[in-house]
Amino acid sequence: MRAEDLLQTHTLWHRDAVHLRLAGELDLATVPLLHAAAATAMSTRPRHLHLDLTDLTFCDQTGLHALHQLTHQAHQAHIHLHLTGTHPRLHRTLTQQHTPPTPPTPTTQRY
């Protein structure tokens, strides 16, 4: 199965905003499609990028990483990224603060 069969991207330009809708699965096989669609959308230097995830049916760790990368890229380009249609669990995952793990406490082993 081709990546295009697993994830469809739909882009609509309107004034100073771009609307990018994802439909399907966002994973290792389909992340390049997101990267390509986002690069095209941001190449026009819009003020706003609306990323609609209403029809996203699956997102693995690679997809999450790609969404975080897109957030960083939009910030660097001074583009306001708006996530819409995000499933509550995905929204929590994307917006929670990640704190570095606490290092393990050293233990002394006795022999």
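**Exercise 1. Describe how helix H3 packs on helix H4.**

Step 1. Helix H3 (residues 61–76) and helix H4 (residues 88–95) pack at about 55 degrees, and their axes lie 11 Å apart. Helices are DSSP runs of H or I with at least four residues, strands are E runs of at least two, and both are numbered from the N terminus. Axes are lines fitted to C-alpha atoms, for helices over the stretch in contact; angles run from 0 to 180 degrees between N-to-C directions.

Step 2. That angle makes H3 oblique to H4. Under 35 degrees counts as roughly parallel, over 145 as roughly antiparallel, 65 to 115 as roughly perpendicular, and the rest as oblique.

Step 3. H3 and H4 cross in a right-handed sense. Right-handed means the near helix is turned clockwise from the far one by less than a right angle; anticlockwise is left-handed.

Step 4. From H3, Leu 64, Leu 67 and His 68 meet Leu 90, Thr 93 and Leu 94 of H4. Contact means heavy atoms within 4.5 Å. The contact residues are 4 nonpolar, 2 polar and no charged. Nonpolar covers Ala, Val, Leu, Ile, Met, Phe, Trp, Tyr, Cys and Pro; charged covers Asp, Glu, Lys and Arg; the others, Gly among them, are polar.

The model is predicted: local features need pLDDT of at least 70, side-chain atom pairs count only at pLDDT 80 or more, and totals for chains, interfaces and linings use all residues. Residues are numbered from 1 along each chain as its sequence is written, and side-chain values use heavy atoms, with hydrogens and water left out.

**Exercise 2. Describe how helix H2 packs on H3.**

Step 1. Helix H2 (residues 31–42) packs on H3 at an angle of about 15 degrees, with axes 10 Å apart. H2 is therefore roughly parallel to H3.

Step 2. The crossing of H2 and H3 is right-handed. H2 contributes Val 31, Leu 34, His 35, Ala 38 and Met 42 to the contact, and the H3 residues include Leu 67 and Leu 70.

Step 3. This contact of H2 with H3 divides into 8 nonpolar, 5 polar and no charged residues.

**Exercise 3. Which residues line the largest pocket?**

Step 1. The lining is Leu 53, Leu 56, Thr 57, Phe 58, Cys 59, Leu 64, Gly 85, Thr 86, His 87, Arg 89, Leu 90 and Thr 93.

Step 2. Strand E3 (48–59) and H4 each supply at least two lining residues. E3 gives the largest share, 5 residues.

Terms used. On a 1 Å grid over the protein atoms alone, a cavity is a set of points where a 1.4 Å probe fits but cannot get out, and a pocket is an open set with protein on both sides within 12 Å along at least five of seven lines; lining residues have an atom within 4 Å of a point.
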